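Please look at the sequence and the 3D structure shown here before reading on. The report after them is written for a reader who is new to describing proteins.

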Amino acid sequence: MLGIDFGGTKVALTVAPAGATGAPGATLPVLEVTRLETRGFEGAAEVVRRTVEACRALLASRAGELVAVGVSTFGIVRDDVVRLAPNVPGWEGLPLPGLLREEFGGTPVYVANDVKAATTAELRWGNLAGVRDGIYLNLGTGLAAGLVVDGRVARGSHGAAGEIAYLARHADDLRVPRHAAVAARVQDGAEPDAARAHLEEYVSGIALAERGTELLGSPVTAAQLFERGDEPRVRTLLEDALDALGLAVANLCVTLDPSRVVVGGGMMGAASSIMPRLREAVRQAVPYPPEVVPARFVDDAPLYGAIAMALDGDTPATRPIM
């Protein structure tokens, strides 16, 4: 089994024996991971070329036949095309699944977006194992969720289920007009550009860093903000952001009625500040409050999810929830 995780700054690769990963809920062996820089400025075609080259070198060093490839990517996968991925030149509209199928011949290739892949990893081996209805919340440089419905990762009609970055924070967000060019493309039936990611622009790692830098007058990261949480101005900023996040998660829980919410991503370095606020928001607002727990996978959740997709011979990017 070959796993590939395309990230904004790094591409991660791993190989796992088909018989070594066990059944859902089983102990997962530690995977040896190869990493290379994405170097998105070189363009999507070059990123894919270098990745395939590295995959071939990795496979050449292993005995046995390749039986399946699982792939995680930023953006979403719709109709075998990557969407909502503007940060790497050429990635938006890239027919990534087809390109990889050509490269790997008749070997099955399964592709999903990174958060759905991470959700798959938590569902198979992590803290969503055995959960029928649940949520994986990813708090990192961006913001997204994976939704588990009837024990399966929900795709949505357009592959965009769980893209909570685009949730409105208040009514004024609903009055922000799309650009005229975007409106014209929608009217013509073309693939529309993304709407404003209102929630992500407020509470993600990048957003907190930008807002904190503006507040303090010097560059600061989200992690550094949490370290300075005792400072009144910083505390107010963080509490406001966590209130917005708690509101969104509580509303999502009311909608889905999950039994468990699993929280992962890079911002979980500040779990001691984040988790109590999320638990309290859910407790206050949700009729049947779910458990809110940290994710099992601290690192490489999408890569493990790619291996899970290869192992299962399935992907949330292609299997519909009826």
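Predicted model: local features only at pLDDT ≥ 70, side-chain atom pairs only at ≥ 80, totals over all residues.

Residues are numbered from 1 along each chain as its sequence is written, and side-chain values use heavy atoms, with hydrogens and water left out.

**Helix packing**

Two packed helices are described by the angle between their axes and the distance between the axes. Helices here are DSSP runs of H or I with at least four residues, and strands are runs of E with at least two, numbered from the N terminus; axes are lines fitted to C-alpha atoms, for helices over the stretch in contact, and angles run from 0 to 180 degrees between N-to-C directions.

Helix 6 (residues 205-216) packs against helix 8 (residues 232-256) with the axes 11 Å apart and at an angle of about 150 degrees. That angle makes helix 6 roughly antiparallel to helix 8 (angles over 145 degrees count as roughly antiparallel, under 35 as roughly parallel, 65 to 115 as roughly perpendicular and the rest as oblique).

The axes of helix 8 and helix 9 (residues 271-285) come within 8 Å and cross at roughly 45 degrees, which means that helix 8 is oblique to helix 9. Among the residues of helix 8 that meet helix 9 are Leu242, Leu245 and Val249, and the residues on the side of helix 9 include Ile274 and Leu278, where meeting is contact, that is, heavy atoms within 4.5 Å.

**A loop residue**

Gly140 lies in the loop between strand 8 (134-139) and strand 9 (143-149), and at 10% relative accessibility Gly140 counts as buried (buried means under 20% relative accessible area, exposed over 50% and partly exposed in between, with a 1.4 Å probe and protein chains only). Although Gly140 and Met268 are 128 residues apart in sequence, their C-alpha atoms are 8.1 Å apart in space.

**Salt bridges**

A search of the whole structure finds 19 salt bridges, each being a side-chain nitrogen of Lys or Arg within 4 Å of a carboxyl oxygen of Asp or Glu.

| Pair | N to O distance |
|---|---|
| Glu32 and Arg62 | 3.6 Å |
| Arg78 and Asp79 | 3.9 Å |
| Asp80 and Arg101 | 2.8 Å |

Glu32 is exposed, with a relative accessible area of 57%, whereas Arg62, at 30%, counts as partly exposed.
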